[in-house]
Amino acid sequence: MHKTLLLLTGLALVAACSTPFETPRIVPATSVVPGIGDTLDAPGVTGVDVISIHGMCNHTLDSWARPAHRELARAFGVPPGDVVAVPAVPGLFRATLDVDGKEVRHYSIVWSGTSAPAKRTLCYDNGDYPDDYGGVCDSGSRQYPFTRAKYNNRFKVTLLNDCLSDVTFYLGEGGKAVRAVVRDALSAIREERRGRDSAPLFFISESLGSKIIHDALMVPEGAFTKTSLADLALAFVPTEIVYMAANQLPLLNLAKADPAELDCGLVDLLNAKRDSRAPRNAEPQTDGEIVLIAFTDPNDLLSYSLDRESCPGHVSVLVSNSPTWFGKIENPLAAHTDYLDNEAVWKLIVDGNAE
């Protein structure tokens with residue numbers, strides 16, 4: 001009887017749990033999602049560079065850069081290379097994969113250390129938990145003395161105090177410091193690519209990182225003038241594909257003077273830079289334009305699909321990052337933060353969907 005009850009309970013839990021987009025849904029359905037492997041297999045290509053940048057929430061070498069690189073290696077079916085810090089460039093890490101004798105150089109940009117000191121001022125509001133879910137607070141900094149429901153506390157600690165706080169930090173004065181870290185990283189990558197600067201490039205950006213990488217190449221400040229920043233952006237024109245996860249551009253556009261001026265972020269910027277190199281009075285180029293692949297979990301409360309009118313030509317990919325329970329709710333934290341823990345996402349990034 002006891003075993004029967006356990007079996008029935010297990011079956012009920014399975015029935016209550018579903019993953020609607022365990023197999024990603026591509027929109028439009030006839031779209032081709034190109035993979036990094038397609039380019040790597042092309043004749044004459046000896047290697048490619050991949051640049052990853054994280055989004056909001058605390059990220060570190062061990063909690064993000066190394067795990068993401070392991071997933072990239074697993075998707076290629078090769079052992080992961082060691083992820084090491086690039087000397088004298090805070091927040092920039094590098095690893096290399098050998099894929100059938102061709103080199104995949106993977107750069108990871110970790111800017112979380114810039115916002116961490118400011119976010120620690122919110123630690124007093126965290127209720128007691130065995131850990132801080134990867135955030136910047138430790139157990140000794142939790143001081144919230146009042147009763148708060150378990151899951152309300154969990155999401156206050158994570159989604160608010162550790163994640164959305166990064167958006168507030170970035171849209172204020174803190175944005176200058178974040179962009180400086182990212183520009184320094186991009187400048188170092190440009191230097192490392194000298195001599196092989198025509199090697200194909202790929203960006204993998206998450207959440208707030210999609211806006212940060214765009215702004216870092218667009219907003220003149222500090223030592224970067226408009227001219228020097230334009231020169232830096234030109235170094236990344238060989239980009240072939242931008243894989244954007246957890247897109248927040250429509251939400252972050254509300255901070256613009258005219259929120260209706262929607263765009264495709266980094267893809268628009270780099271395509272414009274590419275066209276600027278064409279002879280004067282030449283027709284705008286359309287062949288070989290940078291492709292945008294946007295991954296979205298429909299249950300991700302903090303992300304938005306892209307409007308095809310404002311961002312024509314992009315491909316949307318619907319995925320499920322976590323199970324949906326009773327058809328009613330998916331863990332909102334996992335829905336937003338687990339794109340690069342999702343094997344189906346990495347398979348499309350590496351292999352694409354071409355048969």
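Which strands does helix α7 lie across, and at about what angle does α7 run to β7? The model is a predicted one, and I kept that in mind throughout. I found that α7 (residues 208-216) lies across β3 (47-53), β6 (102-109), β7 and β8, and that its direction is at about 130° to β7. I then looked at helix α12 (residues 343-351), which also packs on the sheet, where it touches β7, β8, β9 (291-296) and β10 (315-318), its direction making about 170° with that of β9.

Entry on the nine-stranded sheet. I traced an open sheet of nine strands with mixed pairing, and I noted its order as β2-β10-β9-β8-β7-β3-β6-β5-β4. At the edges stand β2 (25-27) and β4 (84-85), each of which has a single partner strand, so one side of each is left without a neighbour in the sheet. Within this order I checked the pair of β7 (residues 201-206) and β8 (residues 239-245), which is parallel and extends over six bridges. In that pair I marked isoleucine 204, which stands opposite tyrosine 243 in β8.

Entry on the three-stranded sheet. I also found an open sheet of three strands in the order β1-β11-β12, with antiparallel pairing. Here β1 (17-18) and β12 (329-330) are at the edges with a single partner strand each, so one side of each has no neighbour in the sheet. Two bridges join β1 to β11 (residues 324-325), the two strands running antiparallel, and serine 18 is opposite threonine 324 in β11.

Entry on helix pairs. I returned to α7 and looked up its packing against α6 (residues 174-193): the axes are 9 Å apart, at an angle of about 70°, and the two helices are therefore roughly perpendicular to each other. From α6, Val178, Arg179, Val182, Arg183 and Leu186 meet Ile212, Ile213, Asp215 and Ala216 of α7. By class I recorded six nonpolar, no polar and three charged residues in this contact.

For α8 (residues 226-234) and α10 (residues 266-276), I noted that the axes come within 9 Å and cross at roughly 95°, which makes α8 roughly perpendicular to α10. Ala230, Ala233 and Leu234 of α8 make the contact with Leu270, Lys273 and Ser276 of α10, and by class these residues are four nonpolar, one polar and one charged.

How much space lies in the largest pocket? I recorded about 390 Å³. Of the 21 residues lining this pocket, Asn58, His59, Thr337, Asp338 and Asp341 are the closest to its centre. The elements that give two or more residues to the lining are α3 (61-76), α5 (150-171) and α11 (332-337). I sorted the lining of the largest pocket into nine nonpolar, seven polar and five charged residues.

How values were computed: Residues are numbered from 1 along each chain as its sequence is written. This is a predicted model: local features need pLDDT of at least 70, side-chain atom pairs count only at pLDDT 80 or more; totals for chains, interfaces and linings use all residues. Side-chain values use heavy atoms; hydrogens and water are left out. Axes are lines fitted to C-alpha atoms, for helices over the stretch in contact, and angles run from 0 to 180 degrees between N-to-C directions. Helices (H or I, at least four residues) and strands (E, at least two) are DSSP runs, numbered from the N terminus. Angles under 35 degrees count as roughly parallel, over 145 as roughly antiparallel, 65 to 115 as roughly perpendicular and the rest as oblique. Contact means heavy atoms within 4.5 Å. Ala, Val, Leu, Ile, Met, Phe, Trp, Tyr, Cys and Pro count as nonpolar, Asp, Glu, Lys and Arg as charged, and the others, Gly among them, as polar. Two strands pair if DSSP finds at least two bridges between them. On a 1 Å grid over the protein atoms alone, a cavity is a set of points where a 1.4 Å probe fits but cannot get out, and a pocket is an open set with protein on both sides within 12 Å along at least five of seven lines; lining residues have an atom within 4 Å of a point. Grid points are joined across faces, edges and corners, and a volume is the space filled by probe spheres set on the points.
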